[in-house]
Amino acid sequence: MRGRRRMRKIRLSKIYSFALCGKGTLEGEHSQIGGQGFSRVVFCNEEGVMQNYSDNSVRSTKYTAVSFLPKSLFEQFRRVANFYFLVIGVLAMTKLAPYTAVSAIVPLCVIVGATMIKEGIEDWRRKTQDIEVNNRKVKVHKGDGVFEYTEWKNLRVGNIVKVEKDNFFPADLLLLSSSYEDAVCYVETMNLDGETNLKLKQGLDVTSSLQDDSNFRDFKAVVKCEDPNANLYSFIGSLEFEEQKYPLSPQQLLLRDSKLRNTDYVFGAIIFTGHDTKVIQNSTDPPSKRSKIERKMDRIIYFLFCLLFLIAFVGSILFGIATKDDLDNGVMKRWYLRPDDSTIFFDPKRVASAAIFHFLTALMLYGFFIPISLYFSIELVKVLQSIFINQDVHMYYEEADKPAHARTSNLNEELGQVDTILSDKTGTLTCNSMEFIKCSIAGVAYGQGVTEVEQAMDRKIGSPLTHEQVYGTESESDENRKSSDRKTRIKGFNFTDERIMNGNWVNEPHADVIQKFFRVLAICHTAIPEVDEDTGNVSYEAESPDEAAFVISAKEIGFEFFKRTQTSLSVNEWDPVSGNKVERMYQLLNVLEFNSSRKRMSVIVKDEEGRISLLCKGADSVMFERLALNGREFEDKTLEHVQQYADAGLRTLILAYRELDENEYKEFNNAFYEAKNSVTADQETLIEEVSNKIERNLILLGATAVEDKLQNGVPDCIEKLARAGIKIWVLTGDKMETAINIGFSCCLLRQGMRQIIIHLDAPEIQALEKGGDKMAISKASRESVLRQISEAALQLTASRGASQQAFALIIDGKSLAYALDDSMKNLFLELAIRCASVICCRSSPKQKALVTKLVKSGTRKTTLAIGDGANDVGMLQEADIGIGISGFEGMQAVMSSDIAIAQFWYLERLLLVHGHWCYRRMSSMICYFFYKNITFGFTLFLYEVYASFSGEPAYNDWFLSLYSILFSSLPVIALGVFDQDVSARYCLKFPKLYQQGVQNVLFRWRRILSWMLNGFISATMVFFFCIKAMEVQAFDEKGRTAGRDILGATMYTCVVWIVNLQMALTIRYFTLIQHIFIWGSIALWYLFLLVYGAMPSKISGNAYKVFIETLAPSPSYWFVTFFVVFSTLIPYFSYSAIQMKFFPMYHERVQWIRYEGKKKNNDPENHVLRQKSLQLTTMGSNAGFAANGNHSIDIDTDVDRTTNRR
């Protein structure tokens, strides 16, 4: 059982660059306070002083009780279709309307009301969350040293609050004091950035003594600081206390929604409240994204509007001509219309006005071409699709209890159209769980582990591992392996080498260098030790997996860091003389922290003998240039080993040190203290300049190599995505060699792929860089990159007809900066999209976003970006779809993403299964919507033509209104939610199915117009068959002929049957729900006829008892219904059968394979894999071909051969 842990109190104010202490010299540097952007003044603990700042309540809702109705209505009627039906509803109140106003307005109210209710429910959920947060309680100073609980929403700027352990901070607070004597506290920022490691915060020394409630009875202070902003990692201000000014930094700011950990309590003054807090300032809405299908659907709606206006216009002209001829020299052609005594709507003497009024009537009558429920149905379907994605157990990561989470439902179908994936590497393709595996010390390589990349490279060249030949004899390797197996596996440590382990390093030729090497690992860090008091075991809270791996490795070798005091570090070191561990204490003088621009970290310590040393670790790109002339003894060998480690896919850091004399250190410390106490926007720059001067003339010790293992399933996933024809780009900050070898290990690069490498390592460029002429360097670099791109393009062109060989493009960060220039980016993009894989090395976050933007805008195809860290946010927001990996680098990427998943390989199922299904469902659903409305609407037009454009509808008013709502909407929603052309297993087995979405096969104008044509044909057949069947002969046994009521009800019955059976023919995967919706919609029509017809004639109109008394008893009604429905479905059925038999689409070929496999009682997959042949004409791509190899060729060709055998 784990014992209770204790954490040491730490006093860090004098050593860290971020911490401030004592009185700073503020004259000169304090000028920004009070100026623009720095105007906030907070009077702490002064209730009587008016401070006109926002309160601490937060609101994340879109609406308020007052604004909901007007704002929501505005949102609904911004849609052109809804606005059109609103205008129609208003016109329906006039005499122009061909139907009653109620029947026109009710469907619009139902659709708009349902959408508003949906938005209202979503907003109410946000409201309840806001209420819960605003009503949390915290202790606030009420006066006389008394603290009482109050709700967060009641807090005001300047209040003093007491936050206790494991509680959230209610606002942005200035840390005054804590339960620790030097005002230290530990903060968990998971809600801000997702990071679980604790952050160290510390108040000023001058307020650190305020540790009791009573101390705040007479406390008064004034804080002057920056205005509210979204920067989580900066804060500039000053504290005026007891007539003295003290500078403030981010180290004194406790952010709202952070949690207090491992500290009993803190006291803080509220600086920012509510929507002024930094976390709320950061909660901006993500960029609005709409899928390509949705944007195209808008164009289809506009097309239908144009068609509607055209038909209405032509019909009005024909109506005007017919009306003008009604009265010719007193002779009435259509005497039954009484043209001699007519209203303006049919007056032959006022033909122009009559035609205009008829045009308006026609616009209302033909409005049924536009599907009124389309937008609402699509929103509903997308929400249901998102629920299925969220609940897919195959994308649930049990280890971390993280399911997939679709944060928006707008892009479901876009998942099925991805052409290019742009991926981060660390934490996305890899685990971001570092293991110390090798090192180079004093020019000697240590560590005998074999990395995943090395294993992949051995498989690539088809040879067994020969690792022992390089690092030792086979017997030594076996012995080390057995020793390693016997020892319990330690997280972060996978190092094996008997020359170093178990204290054997003391026998090495450069034992003193090895000692300093591991001493640097044990001391140069910001980790916090946690000691188990029962067992004495030490664990570490580190800021990064790399740092944790280094400290753990030093501990395992014999340099155990176990204690931090106020200004010291304690390490149990292996003593070469005594052969035992001895405790050594190092006084910690300064910490020069790591950041992405410095790429290094240093500490300055004084040992027990009084020697002052600077210990430094950093990237090779910045470390080798800082070495002293006498510190380069092992440079060549270390460089060689670093190159080998990069080839093995390892991440490397260079370790170095230097000795400082007292005078040099004092000079540095004074400058460093002055820089860190400056209260200006240039504070970081000043600190960097001072640090840069001391971090020079270093002596090289060696290099570390840690392995970031690939996530499970990554190689198979990338291979499957490539077989689907998806191009994959990796954008990483790693060195080129590391990235290339990771590419091989994850199957992004393959044996036989020709690599195009663009870099700036040419001797002439390096010579110019040594000269330092920036203009000459820039010009030569630009010309070099342009030349390499042009030569590579010619190389691809020359090989196009000769072979099907795939190409991979690798480019480094320096070259990429020039390749993204406006004058060159199109050439670069043209080259890149012709390659199967692209790797961009040494990429900055900005470059990642720029590359994503270039691919999206240049190809005009769907791009997907996937990453896990804050440096990937720009890339995720720029892409059409942003996928966040909920990994170890925090939640910034997830919070900026459209969909969150826990593992990269879940992308395979997300795209190939859910993406394919959603694309197919949405495409078919929208096409079917237009089909069913055109089928219905065109019968109205044909009837009006038949009735001389009289403006009379063929159907009862409520028949018109309820068609899209009751009798044809539910089956199409079921199609959008449940339909599958093939199962999930076959989606993954035949990844080229995915190309249907990439090439937009199912939603091209040709397919859309063919569905519309099907609607026109169906409407024409329904109308003329019904007209001819009922035109002359008696309708029933009593000899009565059919009137408009009988004809309309019969045509309507045929339409309801046809559109629902058409749905049954279209569906590829029947479920019980679809059966219920299809047959239920038809049954509902008959039930409605019974109920509606039984109502008084004032309500039911010409539908009064039409079914009971006229239609049901008549055999001709049933015969006409059967004949018309059967005849109308024959064209589509025949077309589908012929196409399926002789011209099958790719998914239909797969269906045939599945059907034949079942018929023969064989496993269809085994049946598929036995075929051997090749036809690449179906859906090929460079990427797919490169990925498939012989395996995919067999699969693709089997589809062709199986079809041909039939």
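Buried means under 20% relative accessible area, exposed means over 50%, and partly exposed lies in between (1.4 Å probe, protein chains only). This is a predicted model, in which local features need pLDDT of at least 70 and side-chain atom pairs count only at pLDDT 80 or more, while totals for chains, interfaces and linings use all residues. Residues are numbered from 1 along each chain as its sequence is written, and side-chain values use heavy atoms, with hydrogens and water left out. Asp392 and Arg909 are both buried, and their side chains form a salt bridge.

**Salt bridges**

- The model has 37 salt bridges, each a side-chain nitrogen of Lys or Arg within 4 Å of a carboxyl oxygen of Asp or Glu.
- Asp392 and Arg909 meet at 2.6 Å, N to O. The pair links distant parts of the chain, 517 residues apart: Asp392 sits in the loop between helix H8 (374-390) and strand S17 (405-406), Arg909 in helix H27.
- Asp880 and Lys292 pair at 3.8 Å, N to O. Asp880 is in the loop between helix H25 (873-878) and strand S35 (881-885) and Lys292 is in helix H6, so this bridge ties together parts 588 residues apart in sequence.
- Asp880 is buried at 13% relative accessible area, whereas Lys292 is partly exposed at 22%.
- Glu75 and Arg78 join at 3.4 Å, N to O. Glu75 is partly exposed, at 23%, and Arg78 is exposed, at 55%.
- A network of salt bridges links Arg519, Glu573, Asp575 and Arg584.

**Helix H7**

- Helices (H or I, at least four residues) and strands (E, at least two) are DSSP runs, numbered from the N terminus.
- Buried residues of H7 include Val351, His358, Phe359 and Leu365.
- The buried residues of H7 pack against H2, helix H6 (292-324) and H27, with contact meaning heavy atoms within 4.5 Å.

**Largest cavity**

- On a 1 Å grid over the protein atoms alone, a cavity is a set of points where a 1.4 Å probe fits but cannot get out; a pocket is an open set with protein on both sides within 12 Å along at least five of seven lines; lining residues have an atom within 4 Å of a point.
- Grid points are joined across faces, edges and corners, and a volume is the space filled by probe spheres set on the points.
- The structure holds 6 cavities of 30 Å³ or more. The largest cavity holds about 200 Å³.
- Its lining has 17 residues, with Phe85, Ala104, Pro107, Phe368 and Ile372 closest to the centre.
- Helices H2 (80-91), H3 (101-134) and H28 (957-967) each supply at least two lining residues. H28 gives the largest share, 4 residues.
- This lining divides into 11 nonpolar, 5 polar and 1 charged. Ala, Val, Leu, Ile, Met, Phe, Trp, Tyr, Cys and Pro count as nonpolar, Asp, Glu, Lys and Arg as charged, and the others, Gly among them, as polar.

**Second largest pocket**

- The second largest pocket has a volume of about 1000 Å³.
- It is lined by 29 residues; Arg1007, Tyr1132, Tyr1135, Ser1136 and Gln1139 lie nearest its centre.
- H37 (1115-1142) is among the helices that each supply at least two residues of this lining, and H37 gives the most, with 8.
- The lining residues of this pocket comprise 15 nonpolar, 8 polar and 6 charged.
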